[in-house]
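These are my notebook entries on a structure that is new to me. I begin with the ligand and then turn to cavities, pockets and the backbone.

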Amino acid sequence: MGDRQGGVLTAIGDTPLVPLHKVHRGPGEVLAKLEFLNPGGSIKDRAALKIIERALARGDLVPGQPVVEMTSGNMGAGLAVVCAALGHPLTLTMSEGNSPARVKILRELGVEVILVPQVDGEPGKVTGADIAAAVDVAKRISVEQGAYYVDQFNNPGSVLAHEEGTGPEIWAAADGDLDAFVVAVGSGGTFVGVSRYLKSRHPSILCAAVEPAGAAVLAGKPVTKPQHVIQGTGYGSVPPHWQPDLMDESIAVTDEEAVLWHRRLAVEEGLYVGYSAAANVCAAVKLLESRRLGPDARVVTVLCDTGLKY
Ligand SMILES: Cc1ncc(COP(=O)(O)O)c(C=O)c1O
């Protein structure tokens, strides 16, 4: 287990939960957890830290051993922070379709980044097939390097980070007074971990997944539009540790809505965040405007990453 005392790792988590009163004046209230404040700029720092600490504690990773992962950027940045702090060389594979800003950040954090050509997506729009191609390269490299392969989609640490961290933080900051939790799904770690914790505290808390319109597989719909702007989420397949019983509903968000809310959050709230964050707030507002919750309902969501990464 790494020594977290005094280093950058102590800055991961414990993010503020703030009301968004400018972009939504009612009914009800949207509360957003400012995950872009983590040192790697996104919520994935939490999963990176939990996965590496767990691997060290279990002996799956030994001090100084290389680490390899496929990333859309944010898990990579989280791993870069954690691996730098704990002294593990890191190699990441990434689809060429992810934003060049992310590649630059990772390389400046000392990471070896290997770009993998897209299969059927286009720049800025990464599909499930693009991700699968990048995963194949990561697996091959991890064998070659004798590295620890993170495998975020299958690693239980992704869920545990949120069940033991994000969920309890939300519950405490909201004083147990919340009606719904709404979040977009990539690996599903955030949705599954937070929903598990919140429902253990109060089973009636509504948990909604946010999905790109046209790729709402969790809602049981066919994929008609695999390309979308909500990077890091909506890969068109059900993630391995998905728990369908936790999802009360799925809320679809279009590219146009994500772009609009990205702009509104920046201009009206001073929150310059990414497109999944924007989609999350859009979905939270849709839920409140549907009037299925009470007029004073409180809906919690997450601002997953900073807009500086796009
Ligand atoms: C920008 C962004 N939003 C949302 C998510 C989804 O988080 P999770 O993997 O916990 O479902 C990710 C995951 O990489 C992401 O990069």
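How far is an oxygen atom of the ligand from an N or O atom in the side chain of Thr-190? I looked up the pair and found a distance of 2.6 Å. I note at the outset that this is a predicted model.

**Entry 1: the ligand**

I next looked up backbone atoms beside the ligand. A backbone N or O atom of Gly-186 lies 2.7 Å from an oxygen atom of the ligand. For Gly-188, a backbone N or O atom lies 2.8 Å from a ligand oxygen atom. I then looked up the area of the ligand: taken alone, the ligand exposes 390 Å², and the protein buries 98% of that.

I turned to the residues around the ligand. There are 15 of them, and the closest are Lys-44, Gly-186, Ser-187, Thr-190 and Ser-276. Sorted by class, this shell holds three nonpolar, ten polar and two charged residues.

**Entry 2: the cavities**

Where does the ligand sit? I found that the ligand sits in the largest cavity. In general, rolling a probe the size of a water molecule over the atoms shows where empty space is left. My search of the whole structure gave two cavities of 30 Å³ or more. The largest cavity has a volume of about 310 Å³. I recorded 32 residues lining the largest cavity, and the closest to its centre are Lys-44, Gly-186, Ser-187, Gly-232 and Thr-233. Lys-44, Gly-186 and Ser-187 are also listed among the residues closest to the ligand.

I then asked which elements each supply at least two residues of the lining of the largest cavity. They are helix H1 (44–58), helix H2 (74–86), helix H5 (157–173), strand E7 (180–184) and helix H6 (189–201). The largest share, three residues, comes from H6. By class, I recorded 13 nonpolar, 16 polar and three charged residues in this lining.

**Entry 3: the largest pocket**

How much space lies in the largest pocket? I noted about 370 Å³. This pocket is lined by 26 residues, of which Ile-131, Phe-153, Tyr-235, Ser-237 and Pro-240 are the closest to its centre. Strand E3 (67–70), helix H4 (128–145) and strand E8 (206–212) each supply at least two residues of the pocket lining. H4 gives the largest share of that lining, with five residues. I sorted the pocket lining by class and recorded 15 nonpolar, seven polar and four charged residues.

**Entry 4: the backbone**

Most residues other than glycine have a negative phi, and most peptide bonds are trans. I looked for departures from this pattern. The peptide bond from Gly-26 to Pro-27 is cis, with omega near 5°. Pro-27 lies in the loop between strand E1 (17–19) and strand E2 (29–34).

Which loop holds Asp-151? I placed Asp-151 between strand E6 (148–149) and H5. Asp-151 has a positive phi of about 55°, although it is not a glycine. I noted too that H5 supplies at least two residues to the lining of the largest cavity.

Conventions: Residues are numbered from 1 along each chain as its sequence is written. This is a predicted model: local features need pLDDT of at least 70, side-chain atom pairs count only at pLDDT 80 or more; totals for chains, interfaces and linings use all residues. Side-chain values use heavy atoms; hydrogens and water are left out. A residue is near a molecule or strand if one of its heavy atoms lies within 4 Å of it. A polar contact is a pair of N or O atoms within 3.5 Å; within protein, one must be able to donate a hydrogen and the other to accept it, and residues adjacent in sequence count only if both atoms are side-chain atoms. Accessible areas come from the Shrake-Rupley method with a 1.4 Å probe; for residues, only the protein chains shown count as cover. On a 1 Å grid over the protein atoms alone, a cavity is a set of points where a 1.4 Å probe fits but cannot get out, and a pocket is an open set with protein on both sides within 12 Å along at least five of seven lines; lining residues have an atom within 4 Å of a point. A molecule sits in a cavity or pocket if more than half of its atoms lie within 2 Å of its grid points. Ala, Val, Leu, Ile, Met, Phe, Trp, Tyr, Cys and Pro count as nonpolar, Asp, Glu, Lys and Arg as charged, and the others, Gly among them, as polar. Grid points are joined across faces, edges and corners, and a volume is the space filled by probe spheres set on the points. Helices (H or I, at least four residues) and strands (E, at least two) are DSSP runs, numbered from the N terminus.
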